[in-house]
Amino acid sequence: MLQLVQYVLGGLLQGAIFGLLAVGFSLIYRVTSAINLAQGAFCILGALLTGSIQDALGLHVMLAGVLGVAATALIALLVGAAIFVPGLSRLPTSAMFILTAGLLTFLEGASLVAWGSQSYTLDAFSGERPLRLGGLLVPTQGLWLLGIALAINTGVALVLSRTRMGRAFQACAENPMAASLMGIGVGRMQLLSFVAAAAIGAVAGVAIGPVTSFQFDTGRMYTTFGFIAAVIGGMGSPLGAIAGGLCLGVATQLAAAYVSSLFSNALALVLLLAVLLWRPSGLFASGPARRQDVREEKRVNRPPVRLGAQPGGILAALAAVLLLGVLPWWMRSGGLMSSVIITAILFVSVIGLDVLMGFTGQVSLGQAGFMAIGGYTASVLALQYDVPPLLGTLCGLVLSVACAVVLALGTVRLRGIYLAIATLAFSLLVDSLTVGLEGVTGGPSGLVGIPSFSIAGFVFDTPLRNFYLAAGVAAVVLVLLTGGMRGAFGRALQAIRADPLAAAALGVRVGRYRMAAFCISAALGSISGSLYAFYFHFLSPEMVGTQISLQMLAMLVVGGEGTLFGPLFGVAILTLLPTAFQPLAQFKTMGAGLLLVLFSMYLPSGIFGLLARMVRLLRPRGYAPAPVAANGSAP
Amino acid sequence: MLDVSGLSAGYDGRAVIHDLSLTVEQGEIVALLGANGAGKSTLACALSGLLPALAGSIRFQGAAIERASPAARVSAGLVHVPEGRQVFAGLTVAQNLELGAYVERPGSTTSARMETMFDRFPVLRQRSGSVAGNLSGGQQQMLAISRGLMSGPKLLILDEPSLGLAPTLVAEVFAMIAELRGQGLSILLSEQNARMSLAIADRAYVLENGRITLSGPAADLIRSSEIAKRYLGLGAPDRTEESDCDLVARLRAAFAWS
């Protein structure tokens, strides 16, 4: 019994953390109706800055914390004014997701450059000695956490519900145009909410610092759990945030204590999906229920770039074949060959993401999860049961598609951010499984000795053979999808992207097509993951972890969404550049994040769009149809 | 009161209205007529600051405001009631009205003003606690106009107040606009419904493809064959002038306010 109480107590403290993380989401959501995935990065930034300030000045941790939070707020002010607020006025909600994912990656990368990859902890606010209450051990830091969480969440709730500013915040989220006609400085309000949320996040980071260790990329864990808590409690409600946080904390802590810590992550995902399905506005939502996915339709998605008819198509194909023939001989040796093979393998996965995002307009943050399923299934089958690679790859594919169907059934009536967050949670679940199921996956150190890919006795064991295998698969996928997307199937997907409601009215079975697109993307991810494992003869969790999901997002956006061929540029750049400039490897994450941010803001059609524009300019006369003017949020 | 000269504005740096000049005097209703896509809403947005002016000047009560933020223009007393009502759908009627008075102004309090609005539109009082998104189109238009009046404006820009309303409601809205002038408010009325607008307006401008093609006293325009052909849907100006001029009187009679 005492044990149980101890667990519940631990869960409550954990829950206070989640609640504190969640309120930042709620605050920004209440003002901008956007979800800021970078929220977790500000927690870590606050904690890291506090640690450094404390080291440099020798202050007490709380004093250093104040300075750290102030410094984080200052950084957030710059980031908000330069990126977040301008992004809000020009991007649709789903693109804001990508933009903030880019911000998250960028801030993590910057932290990596500044603080390295080791983990840190902070001093407890009032000593390490726990309080003894009866037979219970209560860490004093836990009491601080609970107090801070309650104070901040109640404070934010009061500001939102009682003050003139709170009402103005709400007006900005409801209808920014009408709000500015009321004399509300909408941009200023958005910036204020962003900075305030970042500061709250930094406070959370400093308060959590003594309890759990953190490093540059812990932010995405905070983002996920904070977001899940916010959804459970009711997005936009600060008191719901703390309630949702406490529920999540107790539930996961009990699951970890009585089942296993693996199960606790799974439980968090199941809780999230259950709430999304059962009460999309959250368990503790107050006021009128509102579905986030309905808002997606408010702003128009940009149509993807099309090159138009290609008179030189056959010539280009010939050139490509020639290039494929010559390329490997030219770079026979060295790391370049390996990079090119990796590019081809990753391209298969990213093109799958393109079908989902570029054509159906859904956001997936979990593509690497399917790579992991494909890779681990094929490897484990090959290593332990001697299953031939091709069959193993097929098994992985079937399993991935099965997972995709389950996820899609859960989220198929949900759009935009719901699928995005479900896939992010899925990816994190796969992360924890690949690390946790040590008996099967080899744990953090991974699987070694995976055989080469082979078909009917022909073994792909040299770089050259692997090159043709990867390039061949990529080319086949590209050709098949290009054909498929030009037909009725592709048109239906694009209709859904442009306007799901209108598509449904025209008889397109939106749910079914969305599911099909999701399955295609999962299948391609899975194939790519299997090839990855067979090429490296090795597979470890971080090779197919969540950061790879985010990187593939960057590759897609940089290359050009909805163009199928375009992602090749993105994959190539983000794979080859770090290889070509080895000393810059530590900037890779930061660079990927920065590219993602810049492209989604300024060049949403990606490199492919840029090239297409140049081709159009070079053409003697307007052969291709004029680009359709993107009608943004014209008031 | 409002003096616009040489104004160009549009989207993404591309002008939709070109070199446009117009004035609104104190206590005047000025109608802005034109077909769909003529640039009426663009002009309204440029005046309220939702769109930047690409060229030209906007003077309001003598002060240049073309660089001022929307908020500053509201504070100065220039209020724009946008097309399509744009109420805060998730907030209650009372909260919508409160937000209308976001810009604080000396004089009567927010609650006193709200009472005035409720007296003018009793249906809003009845529904003051319900969410604005659940109101009917006509009620939402009442709410949008009341919300615009909450900050005590000097010049009201009404963009298509009759759009999507039932014919009886259209008459009601126009009668109310005419009455607002009686209280000393200046009004710039952007409308597709030329007949009704000319009936209550003092002067009017006709906008075509982003340029003013015709302007003058409403009474003259209503007789012009051009207007009749294009905007009143008549083959020839053979309607008697009394019927149009009587319109206001009839509207007033039909919807007498206390």
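Me: What is the bridge partner of L155(B) in β8(B)?
Reply: The bridge partner of L155(B) there is S186(B). The model is predicted, so local features need pLDDT of at least 70 and side-chain atom pairs 80 or more, while totals for chains, interfaces and linings use all residues. Residues are numbered from 1 along each chain as its sequence is written, with chains lettered from A and ligands numbered from 1 in written order.

Me: What makes β7(B) and β8(B) paired strands?
Reply: Two strands pair if DSSP finds at least two bridges between them; strands are DSSP runs of E with at least two residues, and helices are runs of H or I with at least four, numbered from the N terminus. Five bridges join β7(B) to β8(B) (residues 186-191), and the two run parallel. They therefore pair.

Me: Why is β7(B) called largely enclosed?
Reply: Five of the five residues in β7(B) (residues 155-159) are buried, so the rest of the structure largely encloses this strand. Buried needs 20 or more other C-beta atoms within 10 Å of a residue's own, exposed 12 or fewer, and partly exposed lies in between, with C-beta atoms placed from the backbone. L155(B), I157(B) and D159(B) point one way, L156(B) and L158(B) the other.
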